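Morning, everyone. Please bring up the model.

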Amino acid sequence: MKAFAEKKVLLSNVGAIDPERIEDYLDRGGYEGLRAALKRSPAEVVGEIKESRLRGRGGAGFPTGLKWELVLKSRAKTRYVVCNADEGEPGTFKDRVLMEGDPHRLIEGMTICGYAVGAKRGFIYVRGEYALSIRRLERAISQARQRGLLGRKILGSDFSFDLEVRAGAGAYVCGEETALLESLEGKRGWPRIRPPFPVDYGFRGKPTVVNNVETLANVPEIMCRGAAWYRTLGTGDSPGTKLYPLSGALNRPRLVEAEMGVPLRTLIYDFGGGLPGGRELKGVLVGGAAGAFLAPEELDVPMDFKSLWEIGAGLGSGAVLVFDETACVIDVLWSVLSFFAHEACGQCTPCRVGTVILLSLLEKVQNGSGDPAVLEKMLKVTHLMKVASLCPLGQSVRLPVETALEKFRREFESHLKEGPCPQCKATTEVHA
Amino acid sequence: MGKLVKLRIDGREVEVPEGTTILAAAAAAGIEIPHLCHHPELSPAGICRLCLVEVDGRLLTACYHRAAEGMEVHTDTDRLRRLRRLNLELILSDHPLDCLVCERNGTCELQRYAYEFGLEGNRFRGPDYDRQELPAREDNPFIRYEPEKCILCGRCVRACEEVQGRGVLDFASRGFSTRISTGLDRALTEVNCELCGQCLAVCPTGALTERARRFRGREWELRRVDTVCPFCGCGCRITLHIKDDRIVRVSGGYRGFRLCVKGRFGLSFVHREDRLRTPLVREGSGFREASWEEALDLVAERLLTIKGRYGPDAIAGLSSAKCTNEENYLFQKLMRAAIGTNNVDHCARLCHAPTVAGLVAAFGSGAMTNSIDEIVDADCILVTGSNTTEAHPVIAQEILRAVRRGATLIVVDPRLIELAEHARFHLRQRPGTDVAWINGFCHVILKEGLWDRDFVRERCENFEEFAEVVERYTPENVEGITGIPADALVEAARAFGKAERGMIFYSMGLTQHTTGTDNVLAIANLAMLTGNVGRRSTGVNPLRGQNNVQGACDLAALPNVLPGYQKLADPEVRGKFERAWGVKVPERPGLTVVEMFQAALEGKVRAMVIMGENPMVSDPDISHVAEALERLEFLVVIDIFPNETTRFADVILPAASFAEKDGTFTNTERRVRRVRRAVPPPGVAKPDWEIICELATRLGYPMSYSGPAEIMDEIASLAPIYGGISYGRLESGGLQWPCTDPDHPGTPFLHEGRFVRGKGRFHPVEYRDPAELPDPEYPLTLTTGRVRWHFHSRTMTGRVAGLQELVPEAYVEVNPRDAARLGIGDGDRVRVSSRRGSITVTAVVTARVPEGTVFIPFHFGEAAANALTNPTLDPRSKIPEFKVCAVRIEPVGK
């Protein structure tokens, strides 16, 4: 079995350069990817990305090259590039590290994308709370403009492209790409029905590439070093490295970068330093709040799109939240569900009402006041939300609920019989 | 029509135009897909998620996703039924189950689905997540909002934005706390809401309802009567819902639900206690009740005496644009056949007489050329002298709809009216300078070669004389006269010149001038020059102000024509009427409205019959009208309420309102629609047509009809444009004249292929100054108009509590710069004076009016704008210059 070590590709500059100095970035080969791209035709650039088999790091893992190609081939003249930097998934802090530590990498990636798909304008929609990211990006953009790396006739070519940073206003749902576009247009941040997808009907109704920060950060490397090199990293299905935000009951919670396919166990016990105080691991929430609960016997799963999909989970943002034997699963799920109830946009019925109903049913479980049918009711509601909700927010609530119920059923049943356990008694007071 | 796509829905093959939604395609196949947030007249939202359907195992949103070729759609599988059932359970989990006392019981769409899906009990109902007690709100006169009953379908939000262009309502907060709200939760009356009630018309539940209907009758107890709204010329079809002979609520409207605040909420005047219930006869300084016999005998006796002593032309009659076609026909017949004079006129004189004079001269017909339905397909719309949003709300909605679909809107109006906010161009001319800018438009269009040469050559005449005159109206010259910047004029003219389908709308702002006829002729020139006549979505469209002002003109409540605009001067025409009426038809044209009052002052007119008009508010220079009415030897007024004019009467006869009689109205687009009796008249009041018949009979000219249907048959036999109209045909909907025979389908737009007069005639018109210009003594220009909350002289709307409360009194709009110079603050009392009189009103300081111009709504008898206006007439159409006169303003000591 392959031995995994941390592998810094995306993070290679982070901590090593002064993110407020473009010179530092240039000294380390920055914007060489853009230079390389401008020497080739847009179709060739798209071809290179396709060949690299880069997949979107926002969670869905859609092939990036294909997305770009759809926009490149669009009949509409005006196209846009939008970077989804509205990082709101609980336990996720990877994009922030990139934007704060190496902002030019994102700008370079977006500019290459703009060239490849024929866009003249791009937007970086940054989570409003990320004040430092916003400041550093704005500074980097102005430096890039001064050096002719953004703006009119970039690097003496015929290609003109510029970027704007827009701050979100504290809605998780705006991390959903169509809600993000609505918000970017100045409207209420409500998701659109898909299809049409943003590649056909995006910002102001024009074809738009919406890519996650981490996805775009891969692009300069691919342009410099080629698709073949890129495919040597990671797995055949999910090439490249991945940023994994590690949090929860760990000795060294932090952001690590490793090749796709690194086993979850390696992330937890090697890179994360294991659990503090020698405690036993009870479960892991993988991929963020919209992710899946994994049991201790599933720790050998390789952390890539395909492997996680095969066990009914998802890579999501790559976030790994570890909880130990002292945590109450119902309590953890309560946090997850109250997060969704708080962040539901209110637009469609299944999610608007479903989230609060789930929360109330879970409280019945916790109080021991419900009959066993409560669990079936929960699954009925999550099923409706999965198939009938308008956007991925509502659709994904089923994953944590179903996996928690499946893997920790006995804990739910004991709560139903005996009422709150000591752990949730402690936190219920916090809730109240 | 575009391409068709073929698909199968539940096994049924359906073919629909490309772009049709799955939901609409299913409906076309007779399959109803459950839905709550969707409304066919609004954009799709796709948020209730009830309309999900299965297509190849995938779930698609039927109200949003489009039908595609070869699609195999399943709308009613077990899986879908389970999902819908559960979804409904979720919606109902926090919905108050007070159907017992809910106004929408029986018509609630949620209730209907709950029943259809057999939702007994609810697995998810619980106190834990009930929406916090949200109190019902009644923060405005008409609309009740119960947030607990709201299912957040957003129809009201979309109706407000998409239909009314207001955007007053929106979603607030998020998640489960989401609710419908105004900005900062303020009352509807504080957020520029028009209270049109489009929101409640589309609400699927009892969340938004009419305040006035509460506990006044459940839907199945209500009797429904289809009739026509009695307010403006839009002439919307409405349905009155009645219980115990009282109107409980109003529904219907344009495209099934669109009404304005007056049509939806302004009909309670019908049931007011102060309706005239019995004939009244003057006794000393007051009136006493009398029987019909006594009152009618008295009227007949006095009229016969005066006719005997001074001749028939000593009697004059004012007919009414509020009364039915049949009543107007009979009224002019009363004047012409029973009394023997052509002295009959009505308020059209004060609104569209120049339109009739001008458009008859240019086109051969004075009517609005095109139809309301065509507006949405126009690609350029020019609105001038019409505050459409307030005076013709439904037409303004259609203009907005066209703008939303990409039409260019040009507004030429001194005031910043609401349509101007949606316009590409807003040109603010000095009041009374319309000929100049219209000629300027023609100048630019000619100069830039944007005119329609083929149309002008083949279909028009007198072009060279016209071209010679407009040659002088260069943009620079026009700027000097009108104050419209030359470059703006050029750009707007270009936009109109380039349009494929250009539609012109105008109203009193163009006609109520001493140059009214010239203004209309100039507009007709512009339309002909650009080839915008005789096709769909084009035309010259004068908007008629009253519900039946078109019909009153059609049926010849005018001194110079016989019904159907047949020439009085033509002996053959007179002969036809003489044979039908059995008496000689007087040949000499009669007096117009303003001339009648002048003649009364001079002692030439001794008696008047006034039916449903209130000249003491609506006519210019009111003190002059009062003097004239005082001088009359005899005045009989037929009306539904006592008003400013009945005070001068010798006999007052109580009439039935629109809701209490049968008949027809003809709206601004020439559409004849049935008016139906819904409730009995109060007291012994009678329909006007019955009163006229009884009076004519007493005057020695027996009139007897079995009812309005028979009167319409007589009209059809005499007036060719109404030749094919009968009550039988009107049962199935309205008909637009000309409708010449029983098989004629009616005419949506006029002058197709050929103008009514043969060739369209260009009339060279030169600019002339208004009759009265500002001077040092009276330095400001006064212009008058309407507000949306009131109608005409407020005989009706002044008696609707909510409307009266919203705008209780007259005011004057003053530009902030003028106000600063004059030391006037917003809300101050000011005296406005002209050479003819003065009134005291409240000042509203606003940039809606340009510097140097002030505006007063004319509705208010207590502070009548028409005490100030200038009665100088347009020489051709005899319309007075309501829209321009010189005034001064001074603060009144506080």
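Thirteen is the count to start with: 13 residue pairs, both at pLDDT 80 or more, are in polar contact across the interface of chain A and chain B. A polar contact is a pair of N or O atoms within 3.5 Å; within protein, one must be able to donate a hydrogen and the other to accept it, and residues adjacent in sequence count only if both atoms are side-chain atoms.

Ground rules. This is a predicted model, where local features need pLDDT of at least 70 and side-chain atom pairs count only at pLDDT 80 or more, while totals for chains, interfaces and linings use all residues. Residues are numbered from 1 along each chain as its sequence is written, chains are lettered from A and ligands numbered from 1 in the order written, and side-chain values use heavy atoms, leaving out hydrogens and water.

Salt bridges next: a side-chain nitrogen of Lys or Arg within 4 Å of a carboxyl oxygen of Asp or Glu. The rule finds one across this interface. A:E343 and B:R174 meet in a salt bridge, 3.1 Å from N to O.

How much area do chain A and chain B bury between them? About 2700 Å², with 65% of it on carbon and sulfur atoms. Buried area here is the accessible area (1.4 Å probe) that two parts lose on being put together, summed over both. In chain A, A:I193, A:R352 and A:L384 lose the most to chain B, together 21% of what that side buries.

Contact, meaning heavy atoms within 4.5 Å, takes 34 residues from chain A and 30 from chain B.
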